[in-house]
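Dear colleague,

Please find the structure below, handed over for your study. My findings follow it.

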There are 2 protein chains.
Amino acid sequence: MSLRIAYVTNNPNKARESVFILREMNIEVEVVQAKILEIQSDDISEVARFRAKEAYRQLRRPVIVEDAGLFIDALNGFPGPYSSYVFKTIGINGVLRLMKGVRRRSATFKSVVAFHDGKKVRTFIGYVKGRISLEPRGYSWGFDPIFEPEGLKGLTYAQLPLEVKNKVSHRRKALEKLARYLIEKGKHLKT
Amino acid sequence: MSLRIAYVTNNPNKARESVFILREMNIEVEVVQAKILEIQSDDISEVARFRAKEAYRQLRRPVIVEDAGLFIDALNGFPGPYSSYVFKTIGINGVLRLMKGVRRRSATFKSVVAFHDGKKVRTFIGYVKGRISLEPRGYSWGFDPIFEPEGLKGLTYAQLPLEVKNKVSHRRKALEKLARYLIEKGKHLKT
């Protein structure tokens, strides 16, 4: 009998979305809170990969971790890998201020999911292109109120019902790739 | 015969200032460029401490590393530990934009110097209080053109001759503490 895969995060919003998405794909994970060492890098894949190794070292069971960031083209990718720090400090209003009067509003939300099976780490990348809105709309966490994903009539992530966001999000795309991998390998099965 | 202490950095501006300051205190270091793993933390002391351990592990000789950041009160400490990333992306103009119309312009430049002697790490903290200027003045690296240290007639770091900046800077204050420690312990001597 082996344990369920641990989904390691301290962010309850991320946990809620990920559990929901994975469950739709018949993958049950256990959310585990743990303080995991995180490296500084402009490359979120590197950050996620390192964190998966650290999490595995600490928990000694298969783990999933995720790193995500909002990359704004006109700001050279800012806030990117440091999105959560930027959210905590200057917040949505700070980002809108930086974008005031800026015409080129394209941005990409990226998610990198890293899975460590005890032997090695694999990463799965999902991204969604969109635009930074002119003002916040809707109520949700992080930068969701100012990100308008392409093809959704200019609604922000925060204006979409969670079920809809969870069908189209960067997180969904990364987790879908992970799910396909797990199902193919039979790694999601408790034995 | 032991080696000189290695001052590990990839930032030539930092190297120039630090070598200058330490030399004034009769401490000779060798600047070593190396890619050192860096952690994410809101606490730059923790970042510096970790990096000193990594640098020692890699080089196997006494090492000095430094982490510094500009903490702006009205922005909840932003850009803080991620100052160099913020400089690379939104730059000085981005920070000024965030501070446009903001009256409370107080900020602190902090430096944490970490020294690993092969047994343990010690950290030395220096800080300088000041203000964010209304516009960039002077030519220099990083956020120097918009930081006015207290008691220097409203000149920015960038407007001061390097010898003057090096007498009053956050970096100077941290390195002075390190120098006193090294001299007291006789650790700066090549034997």
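In this predicted model, E17(B), S18(B), I21(B) and L22(B) of helix α1(B) meet R171(B), R172(B), L175(B) and A179(B) of helix α6(B); residues are in contact if their C-beta atoms, placed from the backbone, lie within 7 Å. By class, this contact has 4 nonpolar, 1 polar and 3 charged residues (Ala, Val, Leu, Ile, Met, Phe, Trp, Tyr, Cys and Pro count as nonpolar, Asp, Glu, Lys and Arg as charged, and the others, Gly among them, as polar). Helices are DSSP runs (H or I, at least four residues), numbered from the N terminus.

The axes of α1 (residues 12-24) and α6 (residues 170-185) of chain B lie 10 Å apart, at an angle of about 45 degrees. The two helices are therefore oblique to each other (under 35 degrees is roughly parallel, over 145 roughly antiparallel, 65 to 115 roughly perpendicular, and the rest oblique).

Between the chains, the contact takes 16 residues from chain B and 16 residues from chain A. On the side of chain B, α4(B) gives the largest share, 3 residues.

A rotation of 180 degrees, with 0.0 Å of shift along its axis, superposes chain B on chain A (RMSD 0.0 Å), by least squares on C-alpha atoms of residues with pLDDT of at least 70 in both. That is the relation of a two-fold axis.

Residues are numbered from 1 along each chain as its sequence is written, while chains are lettered from A and ligands numbered from 1 in the order in which they are written. Local features need pLDDT of at least 70 and side-chain atom pairs count only at pLDDT 80 or more, whereas totals for chains, interfaces and linings use all residues.

Yours sincerely

Definitions and conventions: Axes are lines fitted to C-alpha atoms, for helices over the stretch in contact, and angles run from 0 to 180 degrees between N-to-C directions. Two residues are in contact if their C-beta atoms, placed from the backbone, lie within 7 Å.
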